[in-house]
Amino acid sequence: MSSRVILVSDDRSSLRSPGTLLWPDSACMRGIHTSDWAAHIFEYAMSFEGNMTQVRELAAQTGAGVLHPHGALAVEPPGLIVCDVDSTVTRTEAIDLLAECAGKAEEVSEVTARAMAGTLDFAESLHERVKCLEGLHVGALEEARKATVVTPGATELVAAAHEVGAAVGLVSGGFTAMVDPLAAEIGADFSASNELEIVDDHLTGRVVGNIVDRAAKATWLRRWAEEREVDLERTVAVGDGANDLDMFAAAGLAIAFCAKPVAVEAARNTIRCERIDALRAVWER
C-alpha cells in the first residue's frame, strides 16, 4: 500500500532537518511553495512508518507540521473535510467575544481554557459560560460576529476542496448566530453549532436543543459523510482542542491545527503555521 509523508511550514528552512530522515528511503519527493507556506511531500510505494516518531519530534522542534495520510487518502483526495470553528477556522473564540460585550471576559476565558485543555467537561463548561451572558442584548451577537477573525486561508481551503469534489462542514461548540454566517462567507457546505435562547431581544443565559459537544461533533461528521456517500476513511477532521477528539477518532485523517497538546497527541498529524489552506497538501498531486 502506498503512503505519503508531508512536512508543512511557513518557514522553508524548518523542513530540512526532519526531511533528512525521510529522503533516503523515499521513492519520490517534491515540493509545494506558495507565498505563505511550503510543503515537502515524500511518497512511498509501500506503507511507511519507519522513523515517524522521530520525524514528528524533530518537526515539532523546528516548527514544522507533519501530515501522514494513509489508506484511501494516500492515493485520492478526501470526500469530506470537517473543521472545528473557534481557534481553527477562526483565530477567535465566540464565547470570549460575547463575554467581552457582557463584561465577563476574564471569568469566561478561564473556563474556556480549561474546557479546551480537557480538564473540564465541555457541556458543563458551556452552560456555565452561557449563563454569564444572561440579559445581553441580541445586538451583541452582531458585534461579536464583526469582531471575529477568520483564519488565513479558510476561503481558499474550501475552494480547493470543492475543486476536487470534497464537501466542507463546520462543526462548533459555538453558536449558530456566528457560525452559520461564517459558513456562508467562506462557502462551506454544512454547519452545526449551538443555538442561544433569546427572549424579548435578550439572551436568557441558556442554549436551545441538544448541545454540540465532543460526541456530537463525531455524529455530525458521520451524518454528513453518509449524506454525501463518502466512506469514513476518506474524511478529514481538523481541530485544536479536547472537544475535537471524538471526531478525530471517527475520521480517516485527523489534523491538529495550531493546536493544544491534547489535540496534537490524539491527531498525530499537525499543521503549525497559521494558514489553514496548507491542508490541501494532503491531496495535491
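**Figure 1. Lining of the largest pocket, by residue class and by element.** The lining of the largest pocket in this predicted model divides into six nonpolar, two polar and five charged residues. The space in this pocket comes to about 250 Å³. Of the 13 residues that line the largest pocket, R56, E57, V264, E265 and R268 are the closest to its centre. Two elements each give two or more residues to this lining: α2 (52–62) and α12 (261–267). Helix α2 supplies the largest share, with five residues.

**Figure 2. The second largest cavity and the residues around it.** Of the elements, α8 gives the most, with three residues. By class, the lining of the second largest cavity holds nine nonpolar residues, no polar residues and no charged residues.

**Figure 3. Packing of helix α4 against helix α7.** Helix α4 covers residues 94–102 and helix α7 covers residues 139–147. The two helices pack at an angle of about 130°, and their axes are 9 Å apart. An angle over 145 degrees would count as roughly antiparallel, and one of 65 to 115 degrees as roughly perpendicular; α4 and α7 are therefore oblique to each other. Their crossing is right-handed. On the α4 side the contact is made by L97, L98 and C101, and on the α7 side by A140, L141, E143, A144 and A147. The residues of this contact divide into seven nonpolar, no polar and one charged.

**Figure 4. Packing of helix α7 against helix α9.** Helix α9 is formed by residues 176–186. The axes of α7 and α9 come within 9 Å and cross at roughly 45°. Angles under 35 degrees count as roughly parallel, and those of 65 to 115 degrees as roughly perpendicular, so α7 is oblique to α9. Helix α7 passes α9 in a right-handed crossing. In the contact, L141, A144 and R145 of α7 meet A177, M178 and P181 of α9. By class, the residues of this contact are five nonpolar, no polar and one charged.

**Figure 5. Helix α7 and its contacts with α4 and α9.** Residues L141 and A144 of α7 are among those in contact with α4, and L141 and A144 are also among the α7 residues that meet α9. E143 is one of the α7 residues in the contact with α4, while R145 is one of those in the contact with α9. The crossing with α4 is right-handed, and the crossing with α9 is right-handed too.

Conventions: Residues numbered from 1 in each chain as written. Predicted model: local features only at pLDDT ≥ 70, side-chain atom pairs only at ≥ 80, totals over all residues. Heavy atoms only, no water. Helix = DSSP H or I, 4+ residues; strand = E, 2+ residues; numbered from the N terminus. Nonpolar A, V, L, I, M, F, W, Y, C, P; charged D, E, K, R; others polar. Axes fitted to C-alpha atoms, helices over the stretch in contact; angles between N-to-C directions. Left-handed = near helix turned anticlockwise from the far one by under 90°. Contact = heavy atoms within 4.5 Å. 1 Å grid on protein atoms, 1.4 Å probe; cavity = no way out; pocket = protein on both sides within 12 Å on 5 of 7 lines; lining within 4 Å. Points joined across faces, edges and corners; volume = space filled by probe spheres on them.
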